Amino acid sequence: MSISTDMLDEMNVLMKFDLSTTLAGIKVHSDATPATIAASQRLFAKGLLTQADGGYLTSLGYEAAQHVQSAVMILREVKL
């Protein structure tokens with residue numbers, strides 16, 4: 001299975017969340033890239049965000065963001 005452009009865009013949105021607190025959300029403004037706006041809307045439709053323009057992570061969204069952020073951290077740290 002490969003990662004689609006849509007999935008990468010969604011992962012990039014999930015990377016923007018500060019996981020040290022559940023009180024910090026994000027706002028995807030109308031001047032954001034079309035890909036970011038669409039990714040935020042898809043994450044909302046999937047039940048990962050509380051608002052179509054960002055908002056807060058749902059429980060499922062928090063878990064997904066943890067996994068994405070952990071995977072990126074691991075991949076950045078791997079040295080050959």
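User: Leaving aside its neighbours within four places in sequence, which residues is L43 in contact with?

Analyst: Before anything else, please keep in mind that this is a predicted model. Once the neighbours within four places in sequence are set aside, L43 is in contact with E10, V13, L14, L48 and L49.

User: And which residues have the most contacts inside the largest nonpolar core?

Analyst: That core has 14 residues, and those with the most contacts inside it are V13, L14, F17, L43 and L57. The elements that each give two or more residues to this core are α1 (5–15), α2 (34–45) and α3 (59–77), and the largest share, three residues, comes from α3.

User: OK, zooming out: in what order do the elements run from the N terminus?

Analyst: They run α-β-α-β-β-α from the N terminus on, which comes to three helices and three strands in the protein. The radius of gyration is 13 Å, close to the 12 Å that the globule rule gives for 80 residues, so the protein is as compact as a globular protein of that length.

User: How much of it is buried?

Analyst: Buried residues make up 26% of the 80 residues. As for the surface, the protein exposes about 5500 Å², and carbon and sulfur atoms supply 60% of that area.

User: New topic, charges: how far apart are the mean positions of the positive and negative ones?

Analyst: The protein has 6 positive and 8 negative charges, and their mean positions are 4 Å apart.

Notes: Residues are numbered from 1 along each chain as its sequence is written. This is a predicted model: local features need pLDDT of at least 70, side-chain atom pairs count only at pLDDT 80 or more; totals for chains, interfaces and linings use all residues. Side-chain values use heavy atoms; hydrogens and water are left out. A nonpolar core is a set of buried Ala, Val, Leu, Ile, Met, Phe, Trp, Tyr and Cys residues joined through side-chain atoms within 4.5 Å. Buried means under 20% relative accessible area, exposed over 50%, partly exposed in between (1.4 Å probe, protein chains only). Helices (H or I, at least four residues) and strands (E, at least two) are DSSP runs, numbered from the N terminus. Contact means heavy atoms within 4.5 Å. The radius of gyration is taken over C-alpha atoms; the globule rule is 2.2 Å times the number of residues to the power 0.38. Accessible areas come from the Shrake-Rupley method with a 1.4 Å probe; for residues, only the protein chains shown count as cover. Lys and Arg count as positive and Asp and Glu as negative; His and the chain ends are not counted. The place of a charge is taken as NZ of Lys, CZ of Arg, CG of Asp or CD of Glu.
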